[in-house]
Amino acid sequence: MSEMAVIDNAWETICSFDYLIKAERNARKKKASRCEIMNFINHLEDNVLNIQELLKRGEYRLGPYHKKWVYVPKKRLVMALDYPDRIVQWSIYQYLMPFYDKLFIEDSYACRVNKGSHKAVDRLQYWVRQDARKPGKYYYLKLDISKYFYRVNHKKLLSILGKRIKDKDLMAFLEKVIDDPNEKFGLPLGCKAEDVPFDKWLSDVGMPIGNLTSQLFANIYLNELDQYCKHVLKIRQYIRYMDDVIILTDSKEKLHEWERLIREFLENELLLTLNNKTAIRPISRPIEFVGHMISPKKKTLRKATTKRIRKEIKIYSFRYAVGLLSQEQLTRRFAAVNGIMKNADTGNLKAKLNNIFLEQITKVRSAS
């Protein structure tokens with residue numbers, strides 16, 4: 001795509017009835033049985049027309065957000081929206097994503113069609129295998145951005161979007177989404193979400209975790225880093241999955257130099273910081289990336305991930321055995337676990353999970 005490619009006259013399309021209907025179908029996928037969605041589609045045309053009218057008049061407001069703590073893979077605050085708001089987000093997303101996807105580098109893998117975590121892991125292992133066969137020692141730099149979703153600067157994000165989006169109505173709406181006067185999404189530097197009362201959260205930084213537009217904005221924001229690393233620093237083996245970045249080369253000194261330059265770029269240009277998990281190590285040691293431990297010969301899941309899976313299977317199996325979980329529900333849970341395991345070397349783990357399932361079934365039957 002040309003460097004001068006821009007988005008203009010988009011708002012009319014985003015607000016059109018047919019486009020909103022398409023957004024509603026996307027928002028509904030695999031969730032149609034939920035009461036909120038069933039109630040909405042019982043009066044689908046009227047509800048979509050109401051959304052359209054409010055958008056066209058510039059009176060549509062997202063929110064309020066419903067806050068919920070989740071603990072997988074770590075404790076995070078997820079902020080969910082009501083169904084009509086999710087339709088509006090989809091309408092924005094399905095217009096912007098195809099445009100921006102063409103601007104992203106090849107080795108950015110999060111939240112993109114035909115990419116994803118499994119392909120990211122495969123790509124990194126391919127590089128590691130290549131480098132391991134070469135003479136000399138190779139090293140990797142793992143970049144860890146401190147509290148990324150909670151620290152994205154609103155003014156900077158809007159400035160980045162404004163370089164390409166020239167539609168004033170669309171930018172006005174995005175500003176209300178990003179810099180919502182009624183919601184606070186950000187954390188003070190160095191703080192954990194669970195340690196900060198909601199009234200002390202920040203209004204000028206952060207994005208709501210769990211939102212479709214947040215995923216897109218997060219990729220657009222760090223695309224600035226991708227372009228800098230690929231086209232200014234000329235780094236060849238650079239891969240990113242959201243805020244998880246790995247760089248490979250045969251010079252530890254070069255990695256230290258790149259780390260310094262990247263740290264300066266993040267702090268000065270994107271107003272972000274690296275935390276103390278950022279490290280340089282030889283590729284002879286497994287690389288932790290996207291929940292996996294990657295070496296030339298194998299891809300395994302992190303110990304914390306396998307421990308969590310074993311615990312979940314034990315709970316699901318027990319609930320199924322005592323009749324609190326249906327066969328269909330159990331199958332869905334197992335399918336989700338298989339999805340996590342399918343791209344890793346997990347033969348031993350699968351055997352252990354089967355044993356856990358059988359132990360729980362036998363335990364309940366013996367007690368009854």
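This is a predicted model: local features need pLDDT of at least 70, side-chain atom pairs count only at pLDDT 80 or more; totals for chains, interfaces and linings use all residues.
Start with helix α5, which covers residues 83-101. At 1.5 Å a residue, its 19 residues should span 27 Å. The end C-alpha atoms of α5 are 26 Å apart, which agrees with that expectation. The helix also has a bend of about 30°, located at Y93. Most of α5 is covered, since 14 of its 19 residues are buried.

Next, look at how α5 sits against helix α10, which is made of residues 212-232. Two packed helices are described by the angle between their axes and the distance between the axes. For α5 and α10, the axes come within 9 Å and cross at roughly 25°. The two helices are therefore roughly parallel to each other. The crossing of α5 past α10 is left-handed. On the α5 side, the contact is made by Q89, W90, I92, Y93, L96, M97 and Y100. On the α10 side, the contact residues are L212, T213, L216 and I220. An α-helix has 3.6 residues a turn, so residues three or four places apart point the same way.

Finally, turn to T331, a residue of helix α13, which runs over residues 327-341. Is T331 buried or partly exposed? Its relative accessible area is 45%, so T331 is partly exposed. T300 lies 31 residues from T331 along the chain, and their C-alpha atoms are separated by 24 Å.

Methods. Residues are numbered from 1 along each chain as its sequence is written. Side-chain values use heavy atoms; hydrogens and water are left out. Helices (H or I, at least four residues) and strands (E, at least two) are DSSP runs, numbered from the N terminus. The expected span of a helix is 1.5 Å times one less than its number of residues. The bend at a residue is the angle between axes fitted to the seven residues ending there and the seven starting there. Buried means under 20% relative accessible area, exposed over 50%, partly exposed in between (1.4 Å probe, protein chains only). Axes are lines fitted to C-alpha atoms, for helices over the stretch in contact, and angles run from 0 to 180 degrees between N-to-C directions. Angles under 35 degrees count as roughly parallel, over 145 as roughly antiparallel, 65 to 115 as roughly perpendicular and the rest as oblique. A crossing is left-handed if the near helix is turned anticlockwise from the far one by less than a right angle, and right-handed if clockwise. Contact means heavy atoms within 4.5 Å.
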